[in-house]
Amino acid sequence: MAAFPKGSFIGGHKAPIWLLTLMLAAGCTGGGGSAGSAAAGRAQHRIRLAGQAMGGRQPIAGSTVVVYEAGGDHATQLGSGPTDSNGNFNIIPDITPTAGGIIYFTAKGGDAGGGVNSAILLLTVAGPFCEGAGCNFPASVNIDELTTAASAAAMQHFMDFVNCTAITGNNQTGTCLDIRAAVGLVRHAATVNNLVNVVSGQGSAFMVGQPAGSPIHTTKAPPPGSPIHITLETLNTLGNILAACVNSSGPTSTPCAQLFANTGPAGDTLLAAFEIASSPVVNQKGATLFNLAPPQVIYSPPLLSSPSNWTIGGPVYAYTTTSQCGCSTSSEASAYVVDQFIGALFEISGSPITVAGSAESIAIDPTGKFAYIVDANTHVAGYTIDPATGTLTQIADSPYVTDAGSAAVAVDPTGKFAYVANAGSNDVSAYTINSTTGSLTQVVGSPVGAGSVPIAVTVDPTGKFAYVANIGTGIGADVGSVSEYTIDSVSGALTPVSGSPVLADLGPNAVTVDPSGRFAYVANFGSDDISAYTIDSSTGALTLFLTPMVPTDSAPQSIAVDPTGQFAYVANFGSDDVSAYAIDSLSGALTAVSGSPFFADSAPAAVAVDPSGMFAYAANFGTGDISAYNIRGGGVLGEISVTSPFSAGTNPGSVAVDPTGKFAYVANSGASSVSAYMIDPPTGAMSPANGSPFGTGAGSTPSSIAVDPTSKFAYVADQSLNVVLAYAIDPATGALSPVSGSPFSTGSSPDFVTVDPTGKFVYVANFLDDSVSGYTIDSSSGALTPASGSPFPTGSGAGSVTVDPIGKFAYVTNNNDNNISAYAINAATGALSAVTGSPFATGSAPVSVAVDPTGQFAYVANNGDNTVSAYTIDSTTGALATIGVPVPTDLAPNSVTVDPSGEFAYVANKGNSDVSAYMIDPGSEALTEVSGSPFTAGTGPTSVTADPTGSFVYVANNTDSNVSVFTIDHVFVLGALTAIDVSSPFFFAIFGAYSMAIGP
């Protein structure tokens, strides 16, 4: 994948004088097409879905098994039935599955030997449904802890937990697992079968066949799936941890209580498995979770010692090289973390590094341990990759000598050999790779002759054959060819195939082989087309087919095939776009995808598809950036574009996220309205809900909004009308509708509203009459009734109120008295009684109070002296005791929140239009400012909150009338905030994009 030598002309195109490679190695998410969604009303015929529910390898009697088909917006329930005393179930679906639809089973409740246990919820993803001859859909499935751990690991990006009423065909109550049908679903479902045998409920044959302790790359097992990194021992240990709870007497048993205490208020084993797989906070609890496994080993072999963390899909790193003109004495390599949900690229700390010479091409070995960069000055440099940070460190004896004009490098699929195409000497250098150090040793007999000006090299997926694109000189008959070689599996030596090289069209500039190893494709820069070849599986010989050649757009520079072998993509350097083709699985023929070509930035010189099959990238030499695309149905490319801040109503003063993390609500004090948004789970991005904004009435000034713990109701405090408005929340869309009897009277100038964590009471702080109004909530309608004794007296200037996480105590900031009032809550009536010693001193003009998730600590933002005060909470009395001295913030702090993990606190500073971030010391609970804090927000931020997953922070910017969204760093700079701004293309190069690789 490179360009012509300096000054050459082919087919009327001026060849660039640099070389570019874009290559993606195994990553940590899956991809591939999307499953068909089920729909009510399909033609019915009788089928049977059967299996067994097992807990700790004991039958689960009396469990409710539900079978679903993954859907677009929501899944469809196909049928349900109970298990018998042997754990067996037989379900005749009410709705017939769609051919190819992804089918999954859940087993809820029942008795696995320890008594009836409502905490049991297990999952098996069975894969695409089919019937008839040649069908491999299982006639019977096993649902147990191992299938649950494997399914949660592989499907975490597609899983959601919703009110069962949102599921089509539902007959269940409470919360149900909803698996969305989206790009990549099929490959993720295939990964489940790579990890576990869904028929037996034990580790798959592939997993069992690996050496003990070896890292598993599941793409090595058919059918191809997401390259999740996990060992059999880790999978078995996760199964054992879940089994301890499954085989117990219920949610309050010691094994279940300990499991849920460490995975959040999950309440069932599937949610616990999901949190371990997906939560950056939970999966860091290495020893804590390891110690929950029972002493009797159920799934064997287990881990013998605790891992440092339970991360199953590790971070994915991308690397780019940049250079000037192919003639510079030094260049750069930049490193990025790849957002595995949306494909965005974020540069890591310490990037870029300096590379000697003009960096021409980069390749990563299949283990993700080493990277290799060639330069035009006859060298290939080797680097080790830090698995925790992605940083590159040059190998001690690197660089290694190549032949003249080294232009491209490739590593074979086994990670044993590396090959370099040398354009200046018309040959190929071969090296063995030291599996421990990454050092290269030249193979005996290397280099081996190639054709004229070899410019690109690739190895087929079997590791048996290598192919080199020889671009030629463009003079006379020297128009280009492809050299073919067999690879000695022991030495790595190359032997030319009989009849090699074979002709291509004008100026072959890139060569690739499809994942099946049956077809090879060559991009011909000089003739604007693709040469397609079949591969002889015995000899490696290429046979040209598809004549005339397949046309591309202008000057195709690079070609890539997606991991499923369904689509091919071509970067067209001369026309600033990317051509897309569907690949016929039988013949290898190419057909242009609807809408192709797709726009890129200036002079795209390389294209690649990530190993998940979900994203494509085009490296643009002319503008020094990368265009990023989602791969949609049929191979269509959609450019990524998600940008913070998001527009709100006039003067937003408060922002709240509902407990499901699906919706966000903003009280717009200047627009007499509430804006409602749907939240995209992977990115945190917001889109307006249907009907938003919702009016709060003429002359109203909504100042604060809160959502109840069930996500059924929202409450808005209105300063001007002295009322609290109540709304019912549509669970599907997030839309608001007034509750009967709303609005409800408050005191004078209600500034803040909150709902207690039990969902029984609402409290409103009334600034001008120094009181708190308390209400009981009708759990059916959401209507409010004043609590006995309400309103309750506070200090002067009651500005905000919050309730601790278990609903025992309430705290009110008294802005004018420089203190905070504390109250005990009557659990039956909601009435407040002052805590002994209340009020407690704060800094100057306290405006906001937050309590950490454990209920042990409180933090107060002091607007008057620009500080945050910290307190311990007496768990018996609710009294506050000061921790250290107040910590400085930026100017005019207006709101404080603690993230759900209890690790970080965030303060919105209205005076400086930024957010201060603090780490909470786990021993003293004192605050230490995060590196890089404060982080810029919009103008006049007045409210800050974290979403329930601890992934995102939302800030209402009063002056700018918008909401800023930030991601929380849980990996590198702990607690640091990064604004969502991942619009493609991503700028990364000063002098031009040269090469890119993504590691496992």
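Modeller: A disulfide is a pair of cysteine sulfur atoms within 2.5 Å. Keep that in mind for this one. This is a predicted model: local features need pLDDT of at least 70, side-chain atom pairs count only at pLDDT 80 or more, and totals for chains, interfaces and linings use all residues. Residues are numbered from 1 along each chain as its sequence is written, and side-chain values use heavy atoms, with hydrogens and water left out.

Colleague: How many disulfides does the structure hold?

Modeller: Three. Counting bonded cysteines along the chain, the pattern is 1-2, 3-4, 5-6.

Colleague: Take C130 and C135. How far apart are their sulfur atoms?

Modeller: 2.0 Å. The torsion about their S-S bond is about 85°, so this disulfide is right-handed.

Colleague: What counts as a helix or a strand?

Modeller: Both are DSSP runs, numbered from the N terminus: helices are H or I with at least four residues, strands are E with at least two. The protein has seven helices and 85 strands.

Colleague: Switching to α1. Why is helix α1 called largely enclosed?

Modeller: 11 of the 11 residues of α1 (residues 145-155) are buried, so the rest of the structure largely encloses this helix. Among them are E145, T148 and M155. At the start of α1, a side-chain oxygen of D144 comes to within 3.0 Å of the backbone nitrogen of L146.

Colleague: Now sheets. What is the strand order in the open sheet of four strands?

Modeller: The order is β37-β38-β39-β40, with antiparallel pairing. Two strands pair if DSSP finds at least two bridges between them. The edge strands, β37 (508-513) and β40 (542-551), each pair on one side only.

Colleague: How many bridges join β38 to β39?

Modeller: Six, between residues 519-524 and residues 529-535. One example: A523 has I530 in β39 as its bridge partner.

Colleague: Last one. What share of the protein is buried?

Modeller: Buried residues make up 60% of the 1000 residues.

Definitions and conventions
Buried means under 20% relative accessible area, exposed over 50%, partly exposed in between (1.4 Å probe, protein chains only). A polar contact is a pair of N or O atoms within 3.5 Å; within protein, one must be able to donate a hydrogen and the other to accept it, and residues adjacent in sequence count only if both atoms are side-chain atoms.
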